[in-house]
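Have the structure open beside you as you read.

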Amino acid sequence: MLEGWVILLVSFGYLCLLFAIAYYGDLRADRGRSLITPAVYSLSIAVYCTSWTFYGSVGLASQSGLSFLPIYLGPTLTFVLWWFVLRKIIRISKRNRITSIADFISARYGKSGVLSGLVTVIAVIGIMPYIALQLKAVSVSFNVLLQYPDVATPAATATVPWLADTAFYVAITLAAFTILFGTRHIDASEHHEGMVCAVAFESIVKLLAFLAVGLYVVFGLYDGPGEISAAALADPDLAPLLTLNNLGQYGQWMSMTLLSMAAIICLPRQFQVTVVETTDERHLHKAVWLFPLYLLAINLFVLPLGLAGRLTFPDGSVDADTFVLTLPMLGQQEALTLFAFIGGLSAATGMVIVATIALSTMVCNDLIMPVLLRLPALQASERGELTGLLLGIRRAAIVGLILLGYLYFRYIGESYALVSIGLISFAAAAQFAPVIIGGLFWRGGTRAGALTGLSLGFLVWAYTLLLPSLAQSGWLPAGMIEDGPLGLGLLRPYALFGLEGLDHITHAVLWSLTANIFGYLIVSLQTRQSPVEQIQAHAFVSVLRTAGPYQGLGYWRGSITVADIRALVGRYIGHERAEREFAAFASANGLSLEAGEAADARLVGFAERVLAGAIGTASARGVIGSAVKGEVLGMDRVMEILDEATQIREYSRRLEQKSRQLELTTAELKAANERLKELDRLKDDFLATVSHELRTPLTSIRSFSEILYDTPAIETGERQQFLDVIIKESDRLTRLINQILDLAKMEAGRMDWNLADLDPGGVIVDSLNATRGLIRDNEVQVDVDLPGWLPPVTADRDRLIQVLVNLISNAVKCCARPQGWVHVSAKVRGRWLRVDVVDNGPGVPPESREQIFEKFHQIGGALPAAQPGTGLGLAICRQIIQHFGGRIWVEGAPGDGATFSFTLPIRPTEDTRAAAQ
């Protein structure tokens, strides 16, 4: 049987094992042989899985099926999709020696002590229910085991005297172990590697325990998951738990997912293990998949255990939150039951230890130390070494926090299931998300905006969740929940301003985050940042684009000596450790820190960061500012420096902009110059070609005229032959001059166009008739493919004939010899008329298909076999076709002939409209 002393002995032995692991981990770290690997780091993050996961998820699944999943879906999404946010937070924290989430938020918004204090108050009040949840889980599970082999729900804790209450002794024990785990060193930014190793070990234990119970229930008490599913489907009360209709409202799933996404970053314990305790940013690369895999594994048997519990205890006599224990107890499995209890103890103790370490650091640094540093009556600033005082404050804070959690559990937590208690804390922690995410990516967030947003969000959370929990426990009038305070229905905590139909958590999250976000944004937009806020905003937002640690008080000048600054730091972290820190700084920066020399800005900034690790950024800034006795530059001077820096940055930005404009202008000028060179070369080629073409007919005309003039007695036949040459060369000269004049008129826009509606078929036939002599002389076969009817086009008849004659003439001249052929066709394509002139000549190379339509290029350049010409015909054709609203181009592979095509828009008629319809 499981006697009470056996349970206590095993539990105490397990806690001692945890302490031994922690001690060994710290010993290895001191020797420079750290045990923190990516796997250990990832497992330590699984402190997220508390007794809520171990016990509460099964209870929730037994009542609402898969509704437990969003609590684990959110962290999975954060690590898989938002890992870059975690990386940014880690890098900022390491550069600034951040010790807690309060320290992080305070550092972002100007190292504000008021802001860090507010965050601490919210964290303490908000996390109390979560600590109470762990105490409740351990206490209830212990009392359940005491009744072994009987399976029954123990009596309420409130009916048990304090000194007989198991939870009270659990709280005292956890306080003692937390002090041993987490307060052996004063520097809170120094890694608690032993604690991290112990938490990672606990994660393995609770996972194995939960899987063992799941395997026993599914395959021991039942014949596999199929039997459980079949039995549940046969039960009308359980069947809905296996259907998608039981997933609940979309709003509830969304709110739970958002809460858990925020919780994995914003819960103080998660910030502690994920950010403060990490030793290497690269460990995050493994955690982004190993931690979600852990969440998947520990949730495999949640729903089967919930269904099995309902099937086994259908009368509801056993609390669903204890199914993980009571199901093995029913099967008389003593060892497995005890192992399950140890798994639940691991889940609870891991959370309590890490959470109270994080909260005690915040209470010491952000609530108590600012008071000690500001009240002259306490004379804390005149004491000697303060390390003992700081450790004492943190240890007292640990005891106080755990006792507060016990009081919440005893007098309030009994009214709620485990899951409900946890969600209250999740909603409180989610209030930190807007100022964290905004501070990471938006430089405009101000201290006033952060204070407003956090205050409004926290007040709404307290009104919609915390006060109702007090009312349900009898500490406040119960009527305020149903009727609202003073009977004001619009102020009902669970239906604020008449918003009904939502569950309590979703309702509270919606109102609190809305107030938080709007308060943060509106006030930030209406207020100005202080110089320190501007500096910190830039450092946080741009952390991934800058290298090296932040230098702290960059705007400082004075005569404080190295010895004074070293002694100041030594009072808070110990003189021996201060000597090591300053020696390491001097070695890394190649400095020789003489005791009497003045401390420069870098050294003062380093001292501030070291102090921040012990007392927080806000207190460290106050200590340093007080020590330099007003030698930190005044705000006017700081503003001048910032203005100068701003002007320099703006001037630099303008220079860069002008430089880019000059580079762009230079590139454009180079391109224009190259184009001018090309045009100049083409002009020369054109003039040379035209002069040659003009000279050739003129030479022929002059030669034959001189012969006729010098030889009057020449024979009649020969005279007639000479006159024919003169006439032909005169015609050729006339055509060349007309082409040049036509092209000039077209480019200048002075061409006279006689536009009319034309029958394109008739124009094509007339063009073929005009070239019949050329076709006959070159012995070329011409095929014509024209439909019976073509729609009219609007064009100048003579100019369109000029285009067709030019294309047909070129095709005839370029045909293969012998058996040359030319194919002319026309067809309608939508709203366009397309005309093709195809030949079986050598074709046009791809690189020349655009050039042949240039006025300075001859077609013979691309086609060596073609007849020489002026290179103006195709250029004129393109000008004409473009004026008519069409386009002209050439196709065909080299060696397979060329296809010259052009299109013209069709004039709409009744026939074309009918054809289109």
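Start at tryptophan 889, where the charged end of arginine 887 sits over the ring, 3.9 Å from its centre. Keep in mind that you are looking at a predicted model. A second example of this arrangement involves arginine 108, whose charged end sits over the ring of tyrosine 109 at 4.6 Å from the ring centre.

Rings can also partner with other rings. To describe two aromatic rings together, we give the distance of their centres and the angle of their planes. The structure holds 25 aromatic pairs. One of them joins tyrosine 48 and phenylalanine 426: the ring centres are 6.0 Å apart and the planes meet at 40°, so this pair is called tilted.

Where do tyrosine 48 and phenylalanine 426 sit in the chain? Tyrosine 48 is in the loop between helix 2 (38–45) and helix 3 (51–64), while phenylalanine 426 belongs to helix 18 (residues 418–429); the pair therefore ties together parts that lie 378 residues apart in sequence. Both tyrosine 48 and phenylalanine 426 are buried. They also belong to one aromatic cluster, together with Trp52, Tyr72, Phe79, Tyr130 and Phe291.

Now move to phenylalanine 313 and phenylalanine 323. Their ring centres are 6.0 Å apart and their planes are at 25°, so this pair counts as stacked. Phenylalanine 313 lies in the loop between helix 14 (302–312) and helix 15 (323–330), and phenylalanine 323 is in helix 15, ten residues apart from its partner. Are these two residues buried or exposed? Phenylalanine 313 and phenylalanine 323 are both buried.

Let us finish with the backbone. Most residues other than glycine have a negative phi. Lysine 111 has a positive value, near 55°. You will find lysine 111 in the loop between helix 6 (101–108) and helix 7 (113–146). Its relative accessibility is 10%, and because buried means under 20%, lysine 111 counts as buried.

Glutamate 779 also has a positive phi, near 50°. This residue lies in the loop between helix 31 (772–777) and strand 2 (781–785). Is glutamate 779 buried or exposed? With a relative accessible area of 67%, glutamate 779 is exposed, whereas lysine 111 is buried.

Terms used:
Residues are numbered from 1 along each chain as its sequence is written. This is a predicted model: local features need pLDDT of at least 70, side-chain atom pairs count only at pLDDT 80 or more; totals for chains, interfaces and linings use all residues. Side-chain values use heavy atoms; hydrogens and water are left out. Rings of Phe, Tyr and Trp (its six-membered ring) pair if their centres lie within 6.5 Å; planes under 30 degrees apart count as stacked, over 60 as edge-to-face and the rest as tilted. Helices (H or I, at least four residues) and strands (E, at least two) are DSSP runs, numbered from the N terminus. Buried means under 20% relative accessible area, exposed over 50%, partly exposed in between (1.4 Å probe, protein chains only). A charge sits over a ring if NZ of Lys or CZ of Arg is within 6 Å of the ring centre and within 35 degrees of the ring normal.
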